[in-house]
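Good morning, and thank you for the time.

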Amino acid sequence: MTTSQLGLVLVTAASETEACAIASSLVETRLAACVSLNPIQSIYRWQGTIHRDTEYQLVIKTDLALFDQIATQVTQQHSYDLPEIIAVPIANSTDTYGQWIKEQVSE
């Protein structure tokens, strides 16, 4: 994606430690303006078996033009063979909050 579009990137991680490390790295490298961490319960099928796990969901506020860079960085740091990395466009926000996100992820 090449055009500027504010959005959320959702990632799940196996532990709070892993989630914090990924979140800190994304903010430090200006790929994310903010990352919120939430403990969640996930039920999913993986390699033919149903799993029920406690995970941490990262809600990454960013410019979706940075998605490929975010996905690369998350994949490099992540413990899962196939981490969840999905993007959701922000339909609307206040002008000031949207501007703040843009400022945080610009060089």
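Helices (H or I, at least four residues) and strands (E, at least two) are taken as DSSP runs, numbered from the N terminus. Before going further, please note that this is a predicted model, in which local features need pLDDT of at least 70 and side-chain atom pairs count only at pLDDT 80 or more, whereas totals for chains, interfaces and linings use all residues. Residues are numbered from 1 along each chain as its sequence is written, and side-chain values use heavy atoms, with hydrogens and water left out.

The pairing of β2 and β3 is antiparallel and extends over 13 bridges; two strands are said to pair if DSSP finds at least two bridges between them. These two strands form a hairpin with two residues between them, and in the turn Gln-47 has a positive phi of about 50°.

Next, β1. Eight bridges connect β1 with β3, and the two run antiparallel. Along this pairing, Leu-6 is opposite Asp-63 and Leu-8 is opposite Lys-61. β1 is also joined to strand β4, residues 85-89, by five bridges, again in the antiparallel sense; there, Val-9 has Ala-87 as its bridge partner.

How many of the eight residues of β1 are buried? Seven are, so β1 is largely enclosed by the rest of the structure. Here, buried means under 20% relative accessible area, exposed means over 50%, and partly exposed lies in between, with a 1.4 Å probe and protein chains only.

This brings me to the largest nonpolar core, which has 23 residues; among those with the most contacts inside it are Val-9, Leu-58 and Ile-70. At least two of its residues come from each of β1, α1, β3, α2 and α3. A nonpolar core is a set of buried Ala, Val, Leu, Ile, Met, Phe, Trp, Tyr and Cys residues joined through side-chain atoms within 4.5 Å.

In α2, the buried residues are Ile-70, Ala-71, Gln-73 and Val-74. The elements covering them include β1, α1, β3 and β4. Leaving aside residues up to four places away in sequence, Ile-70 touches Val-9, Leu-26, Leu-31 and Thr-62, where contact means heavy atoms within 4.5 Å.

His-78 sits in the loop between α2 and β4. Is His-78 buried or exposed? It is buried, with a relative accessible area of 9%. Its contacts, not counting residues up to four places away in sequence, are Val-11, Thr-12, Ala-13, Glu-18, Ile-22 and Pro-83. Ala-21, in helix α1, is partly exposed at 40% relative accessibility. Ala-21 and His-78 are 57 residues apart in sequence, and their C-alpha atoms are 9.5 Å apart in space.

Finally, the largest pocket holds about 260 Å³ of space. On a 1 Å grid over the protein atoms alone, a pocket is an open set of points where a 1.4 Å probe fits, with protein on both sides within 12 Å along at least five of seven lines; lining residues have an atom within 4 Å of a point. The volume is the space filled by probe spheres set on the points, which are joined across faces, edges and corners. Strand β2, residues 34-46, gives the most to this lining, with four residues. Thr-12 and Pro-83 are among the lining residues.
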